[in-house]
Amino acid sequence: MKVTIELLAAIYKIGSCIVTADGQIKREAVSPLTDFYYSINGFNDDAMQMVVDCANNQMSIEQAVELVANMDVDAKQKVVNVYADIVRADGDITENEITMFNGAIKLCGLPQPTTPLVDDPDDVISPTFIIAQTNGLARPFQSEAEDWQQLDADLGEQIDAERLEVVRYTAPLNELSKRVGLVGCHLVFLVDRNGYAKEDIGDNMTGTILYGSGAEIRGDIIFALETDNGYKLKGIESMVLLDNIYCAVNDAVGNLLRLE
């Protein structure tokens, strides 16, 4: 996406319509929009002022729609995820917000957000984890365990590990969490804590790439979600999200994985 003040103003103008869909401005609803801007390399307060001024004083809604509609596919996915985060921000999704959000999708030709805006009963699955083996095979594993002790035992058994260690907040994992539009949680993977002491397990290229520091990850790994508050480990409970996470991970590691 070629970033210009005009394009950023167009994204802002449409985003502002979603923010004010209920006739009021909620601070938490503005955060996804501002976080998006300040994640752009070199973006600062002066640039933000230029974006707001252009959106409010120099651009019509028709011009904004045309600019957003002409973005490439990847850029549209990022933007629609931001718009979805605006709607979800306060945890209370209203009909007005849904109407405005769907209107933006239709007018601008945007895709659906990677995480569905409203839970679909037909999309709900039992908590599912993705196991990525050292040989490149990937397979799902489901566990209904809610306490960590039982979940640790269930997951550890799947990769022949007595103790598990959680890998979180690496740069590649953070990028994947943003890419799939996770809200209130982030993507992590679990490894055998004693893997380095075992001579009979190989390196896991998927884990090594997503660790991102040059250190080798050994043994099978397990992808899971972890809450931002409380760091509670949990499985994926949406088939759409499960598919999106698998595809995003596989893309990030150069299609090293294949389903078992």
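Close-up 1. Leaving aside neighbours within four places in sequence, T208 is in contact with A215, E216 and I217. This is a predicted model, so read every view here with that in mind. T208 is found in helix α9, and with a relative accessible area of 16% it is buried, because the cut-off for buried is under 20%.

Close-up 2. Staying with helix α9, which covers residues 205-211, we come to M205. M205 counts as partly exposed, at 43% relative accessibility. Together with I209 and L256, M205 makes a nonpolar surface patch of about 230 Å².

Close-up 3. E226 is found in strand β5, residues 221-227. Its relative accessibility is 2%, so E226 counts as buried. Which side chains does the side chain of E226 meet in polar contacts? One is that of R168, at 2.7 Å, and another is that of H186, with a polar contact of 2.7 Å. Setting aside residues up to four places away in sequence, E226 touches V166, R168, C185, H186, V188, Y231, K232 and L233.

**Close-up 4. Two tyrosines with positive phi.** Most residues other than glycine have a negative phi, so these two are worth a look. Y169 is not a glycine, but its phi is positive, about 55°. You'll find Y169 in the loop between β3 and α8 (171-179), where it is partly exposed, with a relative accessible area of 40%. Y231, also not a glycine, has a positive phi of about 50°. The loop between β5 and β6 is the place of Y231, and its relative accessible area of 43% makes Y231 partly exposed. Y231 is also one of the residues that E226 touches.

**Close-up 5. Helix α7 against the strands.** Helix α7 runs over residues 148-158, and its buried residues are L151, D152, D154, L155 and G156. What do the buried residues of α7 pack against? They pack against strands β1 (124-132), β2 (137-142), β3 (164-167), β4 (185-192), β5 and β6 (233-234). After α7 comes D160, with a positive phi near 55°.

**Close-up 6. The largest nonpolar core.** In soluble globular proteins, nonpolar side chains tend to be buried together. Here, the largest nonpolar core has 39 residues, and the members that touch the most others are I11, I14, Y37, V51, V68, Y83 and F101. At least two residues of this core come from each of α1 (5-19), α2 (27-38), α3 (45-57), α4 (61-69), α5 (73-88) and α6 (95-108). Which helix gives the most to this core? That's α1, with 9 residues.

Close-up 7. V68 is one of the members of the largest nonpolar core that touch the most others. Not counting residues up to four places away in sequence, V68 touches A10, I11, I14, K76, C108 and L110.

How values were computed. Residues are numbered from 1 along each chain as its sequence is written. This is a predicted model: local features need pLDDT of at least 70, side-chain atom pairs count only at pLDDT 80 or more; totals for chains, interfaces and linings use all residues. Side-chain values use heavy atoms; hydrogens and water are left out. Helices (H or I, at least four residues) and strands (E, at least two) are DSSP runs, numbered from the N terminus. Buried means under 20% relative accessible area, exposed over 50%, partly exposed in between (1.4 Å probe, protein chains only). A polar contact is a pair of N or O atoms within 3.5 Å; within protein, one must be able to donate a hydrogen and the other to accept it, and residues adjacent in sequence count only if both atoms are side-chain atoms. Contact means heavy atoms within 4.5 Å. A nonpolar core is a set of buried Ala, Val, Leu, Ile, Met, Phe, Trp, Tyr and Cys residues joined through side-chain atoms within 4.5 Å. Patches are made of residues with over 30% relative accessible area and no salt bridge: like charges are joined within 9 Å, nonpolar side chains (Val, Leu, Ile, Met, Phe, Trp, Tyr) within 5 Å. Accessible areas come from the Shrake-Rupley method with a 1.4 Å probe; for residues, only the protein chains shown count as cover. A salt bridge is a side-chain nitrogen of Lys or Arg within 4 Å of a carboxyl oxygen of Asp or Glu.
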